[in-house]
Amino acid sequence: MSYPDSWYVATADGIQDRPALEEDLTADVCVIGGGFTGLSAALNLAELGKSVVLLEAERIGFGASGRNGGLVGSGQRIEVMDAEKQFGVERSRQLWNFAELAKDEIRNRVEKHGIDCDLQKGQFVGVHKRSYVGWAQELSDVLTERYDYPFCNAVDREEVPDYVATRNYFEGFYDPEALTLHPLNYTLGLARAAEKAGVKVFENSRVTTYSRTDPAIVKTATGQVKASFIVLACNGYLGNLEPRSAGKIMPINNFMIATEPLGAERARELISGRFGVHDTRFVVNYYRISDDHRLLFGGGENYRPGFPKDIGKFVRPYMLKIFPQLKDVGVDYAWGGTLSVTVNRLPHLGRLEPNVYFGQGYSGHGISTANFAGKVIAEAVAGVSGRFDVFAGLPTHTFPGGTMLRYPGMVLGMLYYTLKDRL
Ligand SMILES: Cc1cc2nc3c(=O)[nH]c(=O)nc-3n(C[C@H](O)[C@H](O)[C@H](O)COP(=O)(O)OP(=O)(O)OC[C@H]3O[C@@H](n4cnc5c(N)ncnc54)[C@H](O)[C@@H]3O)c2cc1C
């Protein structure tokens, strides 16, 4: 299968065809999935001296890693005040620090491998409910006082237009140290770096089964890999390959558009810099200006297999709610992708067998988290499991109804929160 028709694909740097697996290979590790999790695991494993084969069912970056909003937020998906309530300050600080290291991992990879992915700084959060006013100052204070992160500021309602030209937000929060990037170009850059480090990468090589043996035999339709370890990195695209981890995640579809180019001036009037923006809605809107002055806008999701017929028409109302002034602007690209969420919105890392590792469920906060998950899985495979154990020790829940019946329950739950967004 080829890539979806997205702005990312249209502006991709270095898409290249890679062969399908058509032989029997032996490796220390077989990584399944060619997104952030899989590529980061493979690259880090190769740097730790392991021989690695990576099998991707479609193309490198075909999944969420090549389709997402490109907003690399600080911290975890749940904010620190929530994390403190759930786990206490010490564990919350540890998770925050890991997320800081995750941003470092991205910055370092970009620099070390010369990945041209338009890495930019900054993130603005728009507060969409009057009752949330005060949250931005509280978060900024907590981060300064308990997380050694004195960089953020609350933004009063009158100052919101200095950042984003919308009347939709009651206040804002600005984090100058968050990042944005072109996610497909970052993914393609990681793949090139992994290959340079010795990883054998195969595309159009869907894994159909693997044995629960040591070594494991990983099979595709046309070949197999005998490996001492497996890393499962399929996230929202896992399907039925591994029911033991599938029940812990819910695949959901999220959608994006790229407008026609707005021109430098109109783009700057809309968002005053190259920083990313998202809001506090449960079904989050996220957006930023591209280097060719388009608005890249993500909004709307669904909870069933399949995308809306006309994704542009589906996403446009979300954009016009924030920016009614764009009603004359056309949409050049529209696409969707599948990510996975966990019940508690924390990443889900674990071991299914002594030699089978997995990372999934980054709940919409996967650019930094999935890259870091790949790194800590690599460390664990190489015998240093301290950081992996912290993630693997986080509480996990199975979706009610397991893989068969999780959709109806999820739909009801999501509808409830969507309604709350509107009230
Ligand atoms: C529209 C959208 C917007 C998003 N926006 C953001 C954002 O702004 N910020 C953020 O932090 N996160 C965002 N996310 C989430 C983020 O993209 C994901 O969390 C992250 O990309 C997950 O990476 P991954 O490598 O685990 O999974 P993926 O990138 O989905 O990769 C999984 C890969 O596994 C492959 N695969 C599946 N089954 C098999 C098999 N049997 N054999 C071989 N290969 C297989 C798939 O083809 C796929 O390429 C967004 C996601 C979407 C969809």
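## Helix packing, ligand shell and backbone details

In this predicted model, helices H2 and H7 run roughly parallel to each other. H2 covers residues 36–47 and H7 covers residues 183–196. Their axes come within 9 Å and cross at roughly 25 degrees. Angles under 35 degrees count as roughly parallel, so the pair falls in that class. The crossing of H2 and H7 is left-handed. On the H2 side, the contact is made by Phe36, Leu39, Ser40, Ala42, Leu43 and Ala46. H7 brings Thr187, Leu190, Ala191, Ala193 and Ala194. By class, this contact of H2 with H7 has nine nonpolar and two polar residues. No charged residue takes part in it.

The crossing of H3 and H4 is right-handed. H3 contributes Val80, Ala83, Glu84 and Phe87 to the contact. From H4 come Val89, Arg91, Ser92, Leu95 and Trp96. The residues of this contact of H3 with H4 divide into six nonpolar, one polar and two charged.

The two pairs side by side:

| Helix pair | Axis distance | Crossing angle | Handedness |
|---|---|---|---|
| H2 and H7 | within 9 Å | roughly 25 degrees | left-handed |

Gly75 lies in the loop between strand E3 (71–72) and helix H3 (80–87). Is Gly75 buried or exposed? Gly75 is buried, because 26 other C-beta atoms lie within 10 Å. Leaving aside neighbours within four places in sequence, Gly75 is in contact with Val80, Trp96 and Ala99. Val80 and Trp96 also belong to the contact between H3 and H4. Gly75 and Trp96 are 21 residues apart in sequence, yet their C-alpha atoms are 4.9 Å apart in space.

Now the ligand. Which residues come nearest to it? Of the 42 residues around the ligand, Gly35, Gly63, Gly69, Gly337 and Gly366 do. Several elements build the shell. H2, strand E11 (250–259), strand E15 (331–341) and helix H11 (366–381) each supply at least two of its residues. By class, the shell has 19 nonpolar, 19 polar and four charged residues.

Some backbone details remain. Most residues other than glycine have a negative phi, and most peptide bonds are trans. A cis peptide bond joins Asp214 and Pro215, with omega about 0 degrees. Pro215 sits in the loop between strand E8 (207–210) and strand E9 (216–220).

Asn204 has a positive phi, near 50 degrees. This Asn204 lies in the loop between strand E7 (200–202) and E8. Asn204 counts as partly exposed, because 19 C-beta neighbours lie inside 10 Å. A residue needs 20 or more to be buried.

Arg345 also has a positive phi, near 65 degrees. Where is Arg345 found? Arg345 is in the loop between E15 and strand E16 (348–353). E15 is one of the elements that supply residues to the shell around the ligand. With 15 C-beta neighbours inside 10 Å, Arg345 counts as partly exposed.

Terms used: Residues are numbered from 1 along each chain as its sequence is written. This is a predicted model: local features need pLDDT of at least 70, side-chain atom pairs count only at pLDDT 80 or more; totals for chains, interfaces and linings use all residues. Axes are lines fitted to C-alpha atoms, for helices over the stretch in contact, and angles run from 0 to 180 degrees between N-to-C directions. Helices (H or I, at least four residues) and strands (E, at least two) are DSSP runs, numbered from the N terminus. Angles under 35 degrees count as roughly parallel, over 145 as roughly antiparallel, 65 to 115 as roughly perpendicular and the rest as oblique. A crossing is left-handed if the near helix is turned anticlockwise from the far one by less than a right angle, and right-handed if clockwise. Two residues are in contact if their C-beta atoms, placed from the backbone, lie within 7 Å. Ala, Val, Leu, Ile, Met, Phe, Trp, Tyr, Cys and Pro count as nonpolar, Asp, Glu, Lys and Arg as charged, and the others, Gly among them, as polar. A residue is near a molecule or strand if its C-beta atom, placed from the backbone, lies within 6 Å of it. A residue is buried if 20 or more other C-beta atoms lie within 10 Å of its own, exposed if 12 or fewer, and partly exposed in between; C-beta atoms are placed from the backbone.
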